[in-house]
Amino acid sequence: MDREDADRADATEPHDSEEPSDGNEPQDSTEPSDAIEPENSTEPDGSEERPAQESMSPLISHNFVHGSTVGGSIIQGGRFYGDLYVDQPNEPVAAIASTAPRRPSLCLGRDRELESVLTTASPVCVVVGMGGAGKTTLALEAAYRLHERQGYRGGLLFLDGLGYTDAPKGLAQAASDLLRFLGVRDAPQADAAAVQRLQQRYEDFAAKELPLLLVLDSLGTGFDPAPLLPASPSHRTLITTRDDRIVRDAATIRLPELSAATAAGLLRVELERADPDDPRARESGRLREVAELCGRLPLALSVIAAMLSGNPKWELSTVAAKLATPQRLNVLTPVRSAFELSFAALQKSSDDNDQDAAVLFRRMGCLPAIEFTDRSAAALLDEPDPDRAWVLLERLRTAHLLTPGGHTDRVRFLDLAGEFAATLFEQLPPHRDAEAGNGSSLSQLDVLIRLAESTASSTRADMSTVDSSDDSQAVAEAFHRLTAEHDALWTIAARAAGTAEREPEAPDADSRGRLLAASRTIAVSLVVLRERTGRGRESLAGSRLLLRVTRALDDRRGEFDAFLAMCRGLLAVDARTEAAQCLHEASKLTRQLDGYPTEFMRAFAELACEVGQLAASAKEYQDLLERYRKSDDVEGRLAALHGLGRVAFLRDDLPEAVRRHEQARTLAHRHAFALHAERALNELGKCHARLGDTEHAVQCHLDAKRSAEQRGFPHGAAVSLHHLGDLHRGRGEKSEALECYLKAERLHREAGDSRRADRSAKLIHAIRTGPEQPPAVTEDPPPPVEPPPTASPPKRDPPTVVRSLRAVLVLLAVLIAAQLWSAADGTPSVPWTWWTLIVLLLAMAAARQYTYRFTTIPLSHWAWALDVLAYAAALGYFIRVASTAEQTNAVLGTVVFLVSGAASIYFLTQRRHSH
C-alpha cells in the first residue's frame, strides 16, 4: 500500500507506545485538532474499549492501518489489534530465471492449435480440453516458442494451480507463489494485499521494459484467475483448464480428440524413440487399433507407449485384447484418475448446477454410446425439464466431460469418458429398496425405465405426427428427429429388452413389463421408419428385436406382426427363400389367434408376387380388397389396390395397372393419405413410361416429388428423383439424369437409405465415365441373412385344450364307474346315447385348437360353448339317475354329482389362476 492509500485510511488501529491506565490513549498536544474518533469497541476479553487514534504526524506518515493489517515502517508502537505486517522496501527489478518445467520432447498432432496460440493478438490465451488431452504440453511448447521468438526478457513463469487435485491452490497462495517467483520475500498472506502487491510488481517489470510470460496451468472449476492476470499489455499469459467458463475476454483454444492417423503416429514415434528398430512400430494396422481403443487421448497413448517400451516382448495384439474389455480404465489408471478429478470438482462445487450436472453425468452412464438430447436427458432428472436438462448438458460440455454430437441439439461422450460414466452408473444400486426408497435417488433400473418410457412416448408422438399431421413443418421436424435419433432409439430399445430379459423377477412387480412395453413401442416405430426409408436390412434387425420383445411379453399377436415385418424385411433384401420360411412360421401362429388375420393374407400376396406366382397373388389381393371394403378399412384398400396394380404391371397388362393405380390415387387424395398418393403417382409414372408417354410420366414423378417435399419426407422425394433420372437417362439426357441422381443420392443418405444411395452413386459414376448410353447398373448380390426363427408353440394352459380334456376325462371316468356299478347291481346300464355324447365331446376337445381356424368366432366363445355343453350333459344325466333310479342308483347319482361339482370347482379355479 502506498502513502496516498495510507492518508485515505478512515479506520485505524492504535499504535502509540504508551499504554494508558484508564483505557484512553493520550492526545498529542501539538495537533489536537487532527484527532480521529473511531467507533468504540472492546477487547476480546471485554475489559476495555479500544482507544481513539491520533492523526499521523509528518514524521511517521508511512505508518498506516488498513482493516486489521498494520503496514509500513514502525516508528513507535503501543498496543496492536489484528495482524502485523512490516512492509519491506521494494526489491530490485531484474530478469528472473525460468520456473517452467523442461520443454516437451514431443508435441504431435496439435499444429493448428499451436499456431493459433502463437499468432493470437490477445494478451491472454486459454487452452481448454478434457483431462489428458495434452493441454500442458501444448502450453509449454507454445511458451518456449514465444520466449524464443519474442524475447520475453523479464522471464518465463510457470504456476501449477493444482486445480484438479485434493488440495487446489487458492488465490492468496497463487499470488504469493508468483510474488516469490518475481523476487518478493515475505509476500502478504491476505488475498487483497497479495493481489495488490502482485499487480505492483507487474507494473515494476513493465516500467523496466522487462515483459513477462506467464503460464497458469491446471486452473480448477470455480477458480477466478482475473486478479492474477497482468494489467499491462506488455505481459502475456497462457492458461490451461478443463473448464472454459473461468476466463472471459480471452482467446480460447479448444483441443479436440486426435485424428486416427495422428494418434497412431504418436504411438509409433514413442516406440521408435525407445528403440529405433522396434518391429512393432511398423505394424500400422495394429497401431491404429490400439490408438482407437485408447480413445485417441494423448494421456492414454503415452501410458500405453510406456507399457510397450518397458515390455519389448509384448505384442500389439496382446495390448489390444487388454484394451478391448469394458475395464479399459483399469489399464489406463492415469486416465481414470483424470476423469475422477473432473467429476469430483463438479460434485464438490458450491454451484447447484455443477452438482446437478454431476448427478446427470452419472445417470447418463446407463447408455454411454448414444447421443443425448434435452428430451432424453430430462427423463433422467428428478424433475424432468428439457430446458434445465440442456443447461446441465452445456455445463458438462464446458467441463469437457461431453462433446458436441452430430447435430447442434445433441451431445455425446468421448470414448473413454463414456466408459468412466458407465462405471459411475454401475455404482448406483441395481434396484430401489421399496421400503427405504423415497424417490430422491434413482436405481439403475429406475434410470433405464425412465429413459425407455420417455423415449417411447416421444417416438410415438413423432410417428403420429409423421402419419397424420397436416402441418408440413411439423412433419419435417418430427421426421428429422426420428432420423437423427435413429441409432439412439435402437440402443435404448435393445438395452431395455436385454435388461428385462435378465430381470425375470424384478423387485418392482411391473418393472419388467414397463421395460418390455417401452421397448416394443420403440421397436415398432423403428421398423416402420426403416421400411418407409428403404432400409431393408436394418428393418430386418428391428423386426428380430420386436420378436424378442413380444415373446418375452407372451404376446402372440405381436409375435405374428413381428414375423410379418421380418418377411417384408427379407423381401426387401431379396431373400425370398427365407421370407417364405418366415411366412410359414407366421401361419403357425394363425392357429392361436382370433380368426384369419388379413395381414397374413397381405404378406402372402406380396410374397407370391415377388416369387412370380402372379395368379395366386392377384387372387389374394382381390379377396383382401373385398374384405377391406366390408370393414371400411381405407388404408387396407389402398394396399390391395397397389398390389393389384403391381401384379398387372408385372403381367404387362398396363391399362389395368393404370386403372388400379388411378383408383389408389383418387382414394388416397380423398382421405388425405399423402404417402399412398405419392406411391400411386410414382407407379403411374412407371406405367406411362412403359406406354411411351414420357411427358405424362415426368409429370407424375414431379407431382410425387413435390408432395414429399411439402411433407418434409426426403426419402419419398429421393425415390421420385431416381425415377426421373431413369426417364432422362432412357431419353439420352445425361445432364438432366446426372442432376436427378445427384439429388437422389444426397436425399437417400439424408434419410439413411445407404443401399439406394450407393445405387445412385454407381449410376452417377456410369454416366460420368461410360459411353453415351451407359449400361444398366447391376447391384451387388445381397449378403446372406440369418434364417428366421421358429414360431412359439401353442399355449397348453388350463383355460384352453388341457382344461377341456380334463373335464371330459373326469366325466368319462364317472360314467364308467356308474356303468360298472349298475351292471353289478343288475340295474339297467347307462344308455348308449350318453356314451355317444361323451365320445363326441372328447373328440371336439382334442380338435379344439384347430376348429377356430375356419371361422371368425373368437376362441373364447368356443371354449365357453364346449364347457356349457359338457357340463349340461353331465348334470342332466345325474339328475335323471337321481330322480328315476332306485335307492342304490340315487345314492350313486348323488355321489357322482358331488364329484362332478368338485371337478368343476377345481377347473374354474385353474382358469382363474391362469388369467
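This is a predicted model: local features need pLDDT of at least 70, side-chain atom pairs count only at pLDDT 80 or more; totals for chains, interfaces and linings use all residues.
Biologist: Which residue of β7 is the bridge partner of Cys125?

Modeller: Strand β4, residues 124–128, pairs with β7 in the parallel sense over 5 bridges, and Cys125 is itself buried, with a relative accessible area of 0%. Strand β6, residues 212–219, also runs parallel to β7 and is joined to it by 5 bridges, and there Val215 has Leu238 as its bridge partner in β7. For Cys125, the bridge partner in β7 is Leu238.

Biologist: How many residues of strand β7 are buried?

Modeller: Strand β7 covers residues 236–241 and is mostly covered. Arg236, Leu238 and Thr240 point one way from the strand, while Thr237, Ile239 and Thr241 point the other way, and all are buried. The count of buried residues in β7 is 6 of 6.

Biologist: Are the rings of Phe372 and Phe413 stacked or edge-to-face?

Modeller: Rings pair if their centres lie within 6.5 Å, and planes over 60 degrees apart count as edge-to-face. Here the ring centres are 6.4 Å apart and the planes stand at 90°, so the pair of Phe372 and Phe413 is edge-to-face.

Biologist: How many residues apart in the chain are Phe372 and Phe413?

Modeller: Phe372, which is buried at a relative accessible area of 0%, sits in the loop between α12 (352–364) and α13 (374–378). Phe413, which counts as buried at 5% relative accessibility, sits in the loop between β10 (411–412) and α15 (415–426).

Biologist: What is the distance from the ring centre of Phe649 to the charged end of Arg690?

Modeller: In one arrangement, the charged end of Arg242 sits over the ring of Tyr164, 4.4 Å from its centre. The charged end of Arg690 likewise sits over a ring, that of Phe649, and the distance to the centre is 4.1 Å.

Biologist: What is the distance between the end C-alpha atoms of α25?

Modeller: Of the 17 residues of α25, 13 are buried, so the helix is largely enclosed by the rest of the structure. At 1.5 Å a residue, those 17 residues should span 24 Å, which agrees with the distance between the end C-alpha atoms, 25 Å.

Biologist: Which residue just after α25 takes a positive phi?

Modeller: At the start of α25, a side-chain oxygen of Asp633 reaches to within 3.4 Å of the backbone nitrogen of Glu635. Beyond the other end comes the loop between α25 (634–650) and α26 (654–670). The residue there with a positive phi of about 70° is Asp652.

Key. Residues are numbered from 1 along each chain as its sequence is written. Side-chain values use heavy atoms; hydrogens and water are left out. Rings of Phe, Tyr and Trp (its six-membered ring) pair if their centres lie within 6.5 Å; planes under 30 degrees apart count as stacked, over 60 as edge-to-face and the rest as tilted. Helices (H or I, at least four residues) and strands (E, at least two) are DSSP runs, numbered from the N terminus. Buried means under 20% relative accessible area, exposed over 50%, partly exposed in between (1.4 Å probe, protein chains only). A charge sits over a ring if NZ of Lys or CZ of Arg is within 6 Å of the ring centre and within 35 degrees of the ring normal. Two strands pair if DSSP finds at least two bridges between them. The expected span of a helix is 1.5 Å times one less than its number of residues. A polar contact is a pair of N or O atoms within 3.5 Å; within protein, one must be able to donate a hydrogen and the other to accept it, and residues adjacent in sequence count only if both atoms are side-chain atoms.
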